[in-house]
Amino acid sequence: MNPDLHLWLIPLLPFAGFLLNGILGPGLPKWLITTIALLAPLASFCVVLNASLGVFGFLPASNSLPYVETCPLLWINAGILRIDFSFVLDQLSLVMLLVVTGVGFLIHVYSVGYMSDDEGYARYFSYLNLFLFFMTVLVLAGNALVMFVGWEGVGLASYLLIGFWFQKKSAADAGKKAFIVNRIGDFGFLIGMFLLVANFGTLTFSEIGARLDANPAWQGGVLTIIALCLMLGAAGKSAQLPLYIWLPDAMEGPTPVSALIHAATMVTAGVYMVARTHVLFDHSPVALGVVATVGAATAIFAATIALVQNDIKRVLAYSTISQLGYMFLGCGVTAYSAAIFHLMTHAFFKALLFLAAGSVIHSIGGEQDLRKMGGLRKKLPVTFAVTTVGVLAIAGIFPFAGFFSKDAILYAAFLQQPNGKILWFVGLLTALLTAFYMFRLWYMTFLGEARSPQGHAHECPWSMRGPLLILAALSVCGGWVGMLRFGSFLAPSVGARITEAGSYIPFSLFPVPWEVILSIVAVLVALEGWLIADKYYRRKPERPAQLAAALPAGYKLLANKYYVDEFYGAVVVKPLLAVSKFFLEWVVDIGILGGAAWLLGGVATFTGAILQRWQSGNLRSYAAWLAAGAAAVLLFLLVPWATVLASLPAIHLGMAGH
Amino acid sequence: MHLILFLVFAGLCLAGAINLLLQSHPIDSALSLIVVMTSLSVLYLLLGAEFLAAAQVIVYAGAIMVLFTFVVMLLNAGREERTLGSRVARSIGFPAVTAILAVIATVILHAQGLGVARLSDGITSTEELSAVLFTKLLLPFEVTSVLILIAILGAVALARHSEGNEDSQGSAEGTGK
Amino acid sequence: MNSFFAQEVPLSWYLLLSAVLFSLGVVGFLIKRNLITVFMSIELMLNGVNLYFVTFAHQWHAVKGQIFVFFVMMVAAAEAAVGLAIIIAVFRARATLAVDRIDRMKL
């Protein structure tokens, strides 16, 4: 029916890039490393494009989705459980793939310029390609186990890239923290998978979906538990409460890594997974409520922390956590296509903001503190322009990309019964805060006067400028596809939005007045945020310090991120270390293992000491033992033991009788 | 006649053996052993082994014991000293020997079908012996001669003075010259 | 008189004598303190065994028994030569023939 799409090429090409650069990298000339590193994601992107052109009808032979490719070799065949390596291309994975490979390729290009002086150049690109491999496996996965492979793999790549400059202790620690916190979430994912196998006998998404569609009355109960377990996994990977703590620390990695992994693609894997398994969530209102609440709470929580952060990358990190909260909010009100829409636009403008921040950092020699920046508008005009676009997009101002997607989510939340209006209000408040802190960043970085000597700040090379410009263009027009078309495109794979009435409510921009009103309110709120930022950081720059002095406790609470890390350290980490030290070090390591080794050695030495006395060198004792041995052999052979032993009782009785 | 001869020479054997154990000077033990061997030679003759009787006197008493005597005199071995005994030897060895003797004696005494020895029993002639030795058992015979050759070489190599004394390391007792 | 002189000796007496000689040899090995005397006890053991063989050669009219004794004698000769050479070498190294003092081959 379809021409062969060769989906397996999409992960394989980056994997080949990883192998080549990883194994041969250090010996190759720089241009060759760059070529291999850039060719892999580009080729991947081309394969995806080829598939998408067919889907959108630009090619004569149009493909019908979903398109499944299965490896003929069965992976697991154990009883009822049959798992194969299958890749599925449907609308959802197509959109994700376009984002992942497209933005991924742009960031690869940017990295060429950013990491050009680094001695780990080949290693960096091999890790980046490895990440792309695992991410595409995750997106294309047709069953939960293959997705889990990708899931773990992106965690690994994230660890390797966060701790890229591993000689720095803070970077190595951040890598470990990310991996460990992710593992906690993965535990939830694993439990969810086990429950799926127990209840459905299969891990393939299409089969699970079919089974659930056939039983619309099956709600709640074990499905809630499965959904909550999967949500735990998503919370770990996508940095939601309470497992978000690794993301700010992950800013220790190179800025392109932050852009790719911790803004555009890896952290969105959680949202993708929820959208992929949406049938489970649809059948469990409790789980949906949890997802929405967690999303909203995380959004506002992270936004409040971002208000007072002074590191440019930390602001963007908390902003990412906050926007991910928006996406989960969207999933929680079953507006999955809205969430994916926001995922896509967020990828564009957040990657843009990170790369622009990287350009700023690169130009002023590694400085990341906002308080030391300022007045860079004249020296970095291109960066200034693209950052402006990104900030307008994230604030949700019409007609930039963020407006459409954020508005779709807020509208869906508003309509949700019974508590949708509360969620909507929280989302609105977060939008206000988002606009405020993003414009704060904009003012402190580019406008005003330089607060510290910046030397020869220069604009970045074209290898870095190109991706910036492309992403800026996407941030402008990425939302123009409109929620209506986007939603109906994705509907076959993520379902139409379900209301309690069970009817399909189309998203459109004009006919329904509520939507218009809500959009206008959102834009006004964003502009209000801008105005407040303008007042505090341009017209009256002494006001922030005054406010901080007036509310010292509040300021300290926010600046120290609500002391969450310290709390976890005291409640989780310290007891764990104490138990480990006692149990594993003392009981197991020293006691059991050391004791066993000591015992073995002791037994050997002891028997050796005993036996040593036998080897006395004394001829006569040797002779005596020889004679004894000979006597024993003779006795054994010549005495009829059977009759002797049989007659013993008789002798005994006979003697007793006397 | 046979009985008397047997009793006399068996008694000499035992006496010689016990004397070997009781004497403290090795030369006395050597001479006792010679007595044992010559008595045994007579016993062989009583059992009809004429060649072996002769060989016993020539080889054992005449060559091996002479060698022993030479060595005793060469090394100037004196009376045995009272050194520490070996407790193990006494506590384990003696019971072992007793056990061996007891078992073998029991087996011998309970054996059926053992015959008797009379003076009138024929003597195995040397001709019979050699007929078997040089035809059927020729290979062992030749191998034995090689064995003796090796023994000679070994004895010569072990016992001669090494020139320059380079390989007598370790012991500070020096060489017995 | 004739019957007295023509009396026969049960072969078991020869065998018993042989066993006793052998045991005396082992005892000698265990209690003698001079190295050469220990070696002589070994020769005594061998002789005891030779008597055993000859007795059975007489019993079964088997020449092979006597030939075996012949071989034992040859081996004993070789062994005596080499053994005494070793004793000489040991005496040169340790200047003593006391069995209890020659105990360097130990752990």
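Predicted model: local features only at pLDDT ≥ 70, side-chain atom pairs only at ≥ 80, totals over all residues.
The contact between chains B and C involves 77 residues of chain B and 64 residues of chain C. On the chain B side, at least two residues each are supplied by helices H1 (2-22), H2 (26-46), H3 (50-75), H4 (87-110), H5 (126-133) and H6 (138-159), and by strand E1 (116-117). Of these elements, H3(B) accounts for the largest share of the side of chain B that touches chain C, with 11 residues. The class composition of this side of chain B is 58 nonpolar, 14 polar and five charged residues.

Strand pairing also links the two chains. E1(B) is joined by two bridges to strand E1 of chain C (residues 9-10), and the two strands run antiparallel. Within this pairing, B:Ala117 lies opposite C:Val9 of E1(C).

Chain A also meets chain C, through 10 residues of chain A and 11 residues of chain C. Helix H25 of chain A (residues 619-638) contributes the most to the chain A side of this contact, namely five residues. By class, that side of chain A consists of four nonpolar, five polar and one charged residues.

Within chain A, helix H15 (residues 336-363) and helix H19 (residues 462-477) have axes that come within 9 Å and cross at roughly 150 degrees. An angle over 145 degrees counts as roughly antiparallel, and H15(A) and H19(A) are therefore roughly antiparallel to each other. The crossing of H15(A) past H19(A) is left-handed. From H15(A), the contact draws on A:Phe348, A:Phe349, A:Ala351, A:Leu352, A:Leu355, A:Ala356 and A:Ser359. The residues from H19(A) are A:Met464, A:Pro467, A:Leu468, A:Leu471, A:Ala472, A:Leu474 and A:Ser475. The class counts for the contact of H15(A) with H19(A) are 12 nonpolar and two polar residues, with no charged residues.

Chain A further contains a hairpin formed by strands E1(A) and E2(A), with two residues between them. In the turn, A:Gly79 has a positive phi of about 65 degrees. E1(A), residues 67-78, and E2(A), residues 81-89, run antiparallel and are joined by eight bridges. One of the paired positions is A:Val68, whose bridge partner in E2(A) is A:Val88. E1(A) is hardly covered, as one of its 12 residues is buried.

Notes. Residues numbered from 1 in each chain as written. Chains lettered and ligands numbered in written order. Contact = placed C-beta atoms within 7 Å. Helix = DSSP H or I, 4+ residues; strand = E, 2+ residues; numbered from the N terminus. Nonpolar A, V, L, I, M, F, W, Y, C, P; charged D, E, K, R; others polar. Pairing = 2+ DSSP bridges. Axes fitted to C-alpha atoms, helices over the stretch in contact; angles between N-to-C directions. Parallel < 35°, antiparallel > 145°, perpendicular 65-115°, else oblique. Left-handed = near helix turned anticlockwise from the far one by under 90°. Buried ≥ 20, exposed ≤ 12 C-beta atoms within 10 Å, placed from the backbone.
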